[in-house]
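Have the sequence and the model open as you read.

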Amino acid sequence: MRWKRTYEKKLRELLLMAGLMAAFVIAGAVTVRAETKEITALEGIYIEDISVGGMTEAEIHQAVDGKMEILKTSAIHLGVGEEAAQVSAEELGLSWVNQDLIQQALSVGQKGNVLERFKVNKRLEQGEPITLSLTFSVDPDAVRQAVETYAVPLNRDAVDASLSRENGTFVVYEGQDGYTVNVDASVEKVINYMTNTWRGGLGSVTMETEISPAGGDPSQLSLVQDVLGQSSTDYSGSNRNRKQNVSTGTSRINGTVLYPGESFSVTDAVTPFDEENGYAPAASYEMGSVVESYGGGICQVSTTLYLAVLRAELEVTQRYNHSMIVNYVKPSMDAAIAEGVKDFCFVNNTDAPIYILGYADGSDVGFVIYGHETRDPNRSISYESKTLTTTECTTSLSADSSAAYGSVTRVSSGHVGYTAELWKVIEINGNETREQVNSSTYNMTPNKYTVGTKTDDPDAKAAMQAAIAANDLGKVEEAAAKYPGGKSQSAAPQSSGEEGSVEENSSDNEE
């Protein structure tokens, strides 16, 4: 009877298959338009959020194209730090690449394995939709251009923690890290996001960046509260250009912050000496003479700062005296600068930052050095200038053949020569000690005059030339009185610059 059971089993399988075929034919018949016999997608089939049931191939293609046009308007944020740039998906070259998706939509439940088609139709009959997904793509070149155009401009430089003096008090500002967009890594990240994560609508991608940490130490800056040293000098008698130079140079130093161990160069801070940098021509020293040059007067700025630095007891690493004496400080209390030749430099040798406040009000130029005071309150310091030698000015005469015979005109005022030392006096509980700070040599320069020698009398000319060669104004007077042409018409001394308050300020000023 085994053959009978086998026969009945085969019969049941054939009947089941026939039923499936009948069901498929019935289900498939509703997807064919009678007037065109064109296949349409089954109801319940979706591409993304588009219901394509009953649509032909052309209609599905049109619907998907419409969907893509909408998706292209989607905003994509390219985040850089705390900011973001916005681009459209279209600017990134958005497209869809799985073009066979339309045929797949038409085939679902209508082509292929009979059993699978039966299952699909049962699922759709039960109201369970089938959704097919678009595969997106973007143009790498368009993505790179968008990153470079919109994201890179959001790069930010690091801002160090800073200290500011406002309304008589110090304010500490926190630093801010900087960042730079890594273009290659960011392009790769955008492409990956748009092709594997984004499904439409507002999107956001954080750019890959390289961080530049902010410098400075707010906790150290907060220690700056105490006056360590200060000084001021008078420049009220200067002319307008010299006052401008003093003000400009002071402004270049004002607000400087030095952390422990950091050094400061006055020349680096105040140069170049030119009109673009705010300087004007004024009297300065050059090779033992007084000349007009840009930045004349700047050494009064460095000298005033030098005295404040000494009183703050910072470490002076470079200091030079002027070639000739100045009158706004005592000998050996000055600090000359000459670009490429002389500089005034010092180091913050304290345990906390220092803040340099500078001011120039047209009358006084001054500096105040703030920091963290740790010195013994019972200890005091002062500085004393000691003149060792003095060399009085001599006279230097030169002939002027175009000037009236015997006339005398002062060309420049001389400078007395000095050698001097500066001493630091330290007193602790009544006990005094002394330390030599520096020594200085200031050149003597003669009072220079021109003497008129215009005459047709050879004896008179010879007598005047002899007086000039002897650098003797008395003999000039004698020669002028002896020979026709009358006695000497001596002019009042005329200085070529501000007596004792002119500076060297270029690499040509010093030997």
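F344 and F346 are both buried, meaning under 20% relative accessible area with a 1.4 Å probe and protein chains only (exposed is over 50%, partly exposed in between). Bear in mind that this is a predicted model, where local features need pLDDT of at least 70, side-chain atom pairs count only at pLDDT 80 or more, and totals for chains, interfaces and linings use all residues. Residues are numbered from 1 along each chain as its sequence is written, and side-chain values use heavy atoms, leaving out hydrogens and water.

Rings of Phe, Tyr and Trp (its six-membered ring) pair if their centres lie within 6.5 Å; planes under 30 degrees apart are stacked, over 60 edge-to-face, and the rest tilted. That rule gives seven aromatic pairs. One of them is F170 with Y370: the ring centres are 5.0 Å apart and the planes sit at 80 degrees, so this pair is edge-to-face. It bridges distant parts of the chain, with F170 in strand β9 and Y370 in strand β21 (residues 364–371), 200 residues apart. Strands here are DSSP runs of E, at least two residues long, numbered from the N terminus. F170 is buried at 14% relative accessible area, and Y370 is buried at 9%.

Back to F344 and F346: their ring centres are 5.5 Å apart with planes at 35 degrees, so they count as tilted. Together with F264 and Y306, F344 and F346 make up one aromatic cluster.

β8 (residues 162–166) and β9 (residues 169–173) pair antiparallel over five bridges; pairing takes at least two DSSP bridges. L163 has V172 as its bridge partner in β9.

Key: Helices (H or I, at least four residues) and strands (E, at least two) are DSSP runs, numbered from the N terminus.
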